[in-house]
Amino acid sequence: MGGVCSRKNRCLGSNIKPLKRVTPGGKKLMDTKKILATVPQSKQHEFKNFYRKGVNYLTKRGQNILMMYVWYAEPPLLETITYLLKECDINPNQIDNTGWSALHYAASNPFVSLECLELLGDSAGQVSKDG
């Protein structure tokens, strides 16, 4: 089988294709290849609702896609985190139902680099300072 298939029979496994959907303002929702490149195939099903419902979707636990990515990716890539923060406008200060932010999830992932933690910390500080 090798992946999760959507209703249109597009698998998110080995043959990942970027989605062409856009927001009402014309902004691209996300690039599936960038997001899933380092996520283990066994965890890729966790991301299916973000592709169906958009980047602002929150899981039942209140997690956004940035939290999920830095938690599951082995290793999370700096360029993908930057993509989620800059291109998809994901809020790094989003808090889930347990009080954790993306920085908490990243710190709990043994594959995360110091540069990724610094980027998340700096991004969280910039968002909170700007409002």
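Mentor: A definition is needed before the elements can be named: helices are DSSP runs of H or I with at least four residues, strands are runs of E with at least two, and both are numbered from the N terminus. The model under discussion is a predicted one. On that basis the protein chain has 6 helices and 0 strands, and its elements run α-α-α-α-α-α from the N terminus on. Of its 131 residues, 40% count as buried.

I turn now to the aromatic side chains. A search of the whole structure finds 6 aromatic pairs. One of these joins phenylalanine 47 and tyrosine 72; their ring centres are 6.4 Å apart and their planes stand at 65 degrees, so this pair is edge-to-face. Phenylalanine 47 belongs to the loop between α1 (32-36) and α2, whereas tyrosine 72 belongs to helix α3, so the pair ties together parts that are 25 residues apart in sequence. Phenylalanine 47 has a relative accessibility of 0% and therefore counts as buried. Tyrosine 72 is also buried, with a relative accessible area of 12%. Tryptophan 100 and tyrosine 105 form another edge-to-face pair, with 5.1 Å from centre to centre and 70 degrees between the planes.

The charged side chains may be taken next. The structure holds 1 salt bridge, in which the side chains of arginine 61 and glutamate 46 meet at 3.9 Å, N to O. This pair links distant parts of the chain, since arginine 61 is in the loop between α2 and α3 and glutamate 46 is in the loop between α1 and α2, 15 residues apart. Arginine 61 has a relative accessible area of 41% and is partly exposed; glutamate 46, at 24% relative accessibility, also counts as partly exposed. Elsewhere, Lys48, Arg52, Lys53 and Lys60 form a positive surface patch. Of these, lysine 53 lies in helix α2, which covers residues 48-53. Lysine 53 counts as exposed, because its relative accessibility is 55% and exposed means over 50%.

Two features of the backbone complete the account. Most residues other than glycine have a negative phi, and most peptide bonds are trans. The peptide bond from glutamate 74 to proline 75, however, is cis, with omega near -5 degrees. Proline 75 is placed in the loop between α3 (65-72) and α4 (78-86). Aspartate 89, a residue other than glycine, has a positive phi, near 55 degrees. Its place is in the loop between α4 and α5 (102-108), and at a relative accessible area of 48% aspartate 89 is partly exposed.

Terms used
Residues numbered from 1 in each chain as written. Predicted model: local features only at pLDDT ≥ 70, side-chain atom pairs only at ≥ 80, totals over all residues. Heavy atoms only, no water. Patch = residues over 30% accessible without salt bridge, like charges linked within 9 Å, V, L, I, M, F, W, Y side chains within 5 Å. Areas by Shrake-Rupley, 256 points an atom, 1.4 Å probe, with all protein chains shown as cover. Salt bridge = Lys/Arg side-chain N within 4 Å of Asp/Glu carboxyl O. Lys, Arg positive; Asp, Glu negative; His and termini not counted. Charge placed at Lys NZ, Arg CZ, Asp CG, Glu CD. Buried < 20%, exposed > 50% of the residue type's maximum accessible area, 1.4 Å probe, protein only. Phe/Tyr/Trp six-rings, centres within 6.5 Å; stacked < 30°, edge-to-face > 60°.
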